[in-house]
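Me: Got a model open here and want to walk through it. Can we start with the strands?

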Amino acid sequence: MTDKKNLEQVRAEIDALDQQILELLGRRADCATRVATIKQAGAVTDEAVFFRPEREAQVLRRIKEQRQGALPPDSVAAIFREIMSACLALELPLQVAYLGPPGTFTQAAAIRHFGHAVLSRPTLSIDAVFSLVESGECHYGVVPVENSTEGMVNYTLDNFMESSLHICGEVEVRIHHHLLASSSGLENIQRIYAHQQALAQCRNWLEIHCPKVEQVAVSSNGEAARLAAEEPTSAAVAGELAAREYQLATLAENIEDQGDNSTRFLVVGREEVPPSGHDKTSLIVASRNRPGALLKLLQPFAAAGISLTRIDTRPSRTEKWAYVFFIEFEGHLQDENIAGIITELEEQSILLKPLGSYPAAVL
C-alpha cells in the first residue's frame with residue numbers, strides 16, 4: 001500500500017471521527033437545554049444554581065485522569081472547558097467582570113476559567129470588579145491576587161476586608177511577556193508602555209536590548225497595548241491576547257526575566273461553593289496584640305495536619321499599628337477537621353472572616 005493511500009485512509013478515519021464528535025456535541029447541547037428547562041420548570045430563581053464551580057472542577061479533574069491518547073491532560077481539559085462553557089451559555093450566559101481594558105492577563109484568566117462563551121466585562125479597577133458583582137450586574141469577577149516574582153496584590157486583599165463576596169475559584173496563568181508594536185522594527189521604538197509590575201519582571205531584558213528607550217508605567221498591559229497601537233514609535237509589554245486584540249506585531253517573545261513567572265487570580269461571587277473533593281479555603285483573622293499571638297493562631301492547623309498554602313499581613317483599618325492575617329489552607333469549611341479549627345480560631349481572635357472555600361485550580 002502506498003504512502004498516499006495510507007494518508008487517504010487516515011484522513012477518512014479523521015473525517016468519520018469528526019462527524020461522531022459533531023453528533024455528540026449536538027447531544028451534549030441538547031442535554032444542556034433540557035437541564036435549563038427542568039430548572040426553570042422548578043421555579044429556580046437563583047442564577048448561581050446554573051453555574052456549579054465544584055461540579056465543573058470535578059468534571060475537569062475526571063477528564064484529566066481518564067483522558068486517552070497523545071493529547072496532554074491540560075489540553076484535553078481545555079477542550080472540555082470550552083464545551084462546558086458553550087453549553088452553559090445555552091442555559092444562562094454568564095457575565096464576568098475583570099480588570100481591564102481588553103487584552104489584560106486578567107481577561108486571559110477569566111477565559112481560562114470560564115471559557116470563551118462568557119460575556120466578559122472590563123473594568124477600570126479592582127474595586128469596580130467587586131462592585132459589579134456585589135450589585136448583581138455581573139455574576140462573577142476575576143481579580144489578580146499574587147505574582148510569583150512580585151508578590152501579593154494588596155488592592156485585592158484590601159477589598160476582601162469589607163466585601164461580602166466569596167471566593168469561588170482560583171486560576172493560575174503562566175505569564176509570558178512580549179514586546180509588541182504596530183511597526184516591525186525595534187530600532188524605531190522610542191517609548192515602551194507597560195504595567196509597573198511588567199516593567200519590573202522584564203527589567204534585565206529591557207536594560208540589555210532597550211537601554212535608551214523611555215519606559216512609561218500605565219494602569220495595565222492591555223492599556224499599554226492600546227497606546228502602542230495608536231503610536232507608531234511606541235511599543236508595549238503585554239501578552240498574546242493583547243497582541244490579537246490590538247493587532248500588534250511581536251518584536252520579541254518571552255522577555256520576562258524569570259522563566260517560571262506566573263500570576264494567580266481569584267474568582268469572586270455572591271454564593272458559597274460546596275465541596276469539590278480538592279479544595280482550598282481563605283480567611284481573614286486578627287488576634288489580640290500579645291506575645292505569641294500568631295503562633296497560637298497557627299497551632300490548630302499544625303495539630304490537625306492541615307497544610308497552609310499562603311499567609312500574609314495587611315494593616316488593620318480599625319486600629320493603628322495593628323494587623324490582620326490572610327491565611328489560605330487546604331480543605332473546605334464543611335470538612336469536619338476544618339470546622340474544629342475554625343472553632344479554635346474564634347476563641348483566640350478578635351476578628352475572623354471566612355472568605356470562602358473553593359476548588360483548587362484545575363487548569
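Reply: Strand S7 (residues 191-195) and S9 run parallel, joined by three bridges. Strands here are DSSP E runs of at least two residues, helices are H or I runs of at least four, and both are numbered from the N terminus. Two strands pair if DSSP finds at least two bridges between them.

Me: Before I go on, what kind of model is this, and which pLDDT limits apply?

Reply: The model is predicted: local features need pLDDT of at least 70, side-chain atom pairs count only at pLDDT 80 or more, and totals for chains, interfaces and linings use all residues. Residues are numbered from 1 along each chain as its sequence is written, and side-chain values use heavy atoms, with hydrogens and water left out.

Me: Back to S9. What is the bridge partner of Arg191 there?

Reply: Ser234 in S9 is the bridge partner of Arg191.

Me: And S6, parallel or antiparallel to S9?

Reply: Antiparallel. Four bridges join strand S6 (residues 178-181) to S9. Leu179 stands opposite Val237 in S9.

Me: How many residues of S9 are buried?

Reply: Five of the five residues in S9 (residues 234-238) are buried. Buried means under 20% relative accessible area, exposed means over 50%, and partly exposed lies in between, with a 1.4 Å probe and protein chains only.

Me: Which residues sit on which side of S9?

Reply: Ser234, Ala236 and Ala238 are on one side, Ala235 and Val237 on the other. Both faces are covered. In a regular strand, side chains alternate between the two faces of the sheet.

Me: What volume does the second largest pocket have?

Reply: About 790 Å³. Leu99, Ile126, Pro144, His195 and Ser219 are the closest to its centre, out of 32 lining residues. H7 gives the most to this lining, with four residues. By class there are 13 nonpolar, 16 polar and three charged residues.

Me: Gln201 is next. Where is it found?

Reply: Gln201 is in helix H7. Gln201 counts as buried because its relative accessible area is 7%.

Me: Which side chains make polar contacts with Gln201?

Reply: Asn147 at 3.3 Å, and Asn261 at 2.9 Å. A polar contact is a pair of N or O atoms within 3.5 Å; within protein, one must be able to donate a hydrogen and the other to accept it, and residues adjacent in sequence count only if both atoms are side-chain atoms.

Me: Last one. Is Ala302 buried or exposed?

Reply: Exposed, because its relative accessible area is 63%. Ala302 is in helix H11 (residues 293-304).

Conventions. 1 Å grid on protein atoms, 1.4 Å probe; cavity = no way out; pocket = protein on both sides within 12 Å on 5 of 7 lines; lining within 4 Å. Points joined across faces, edges and corners; volume = space filled by probe spheres on them. Nonpolar A, V, L, I, M, F, W, Y, C, P; charged D, E, K, R; others polar.
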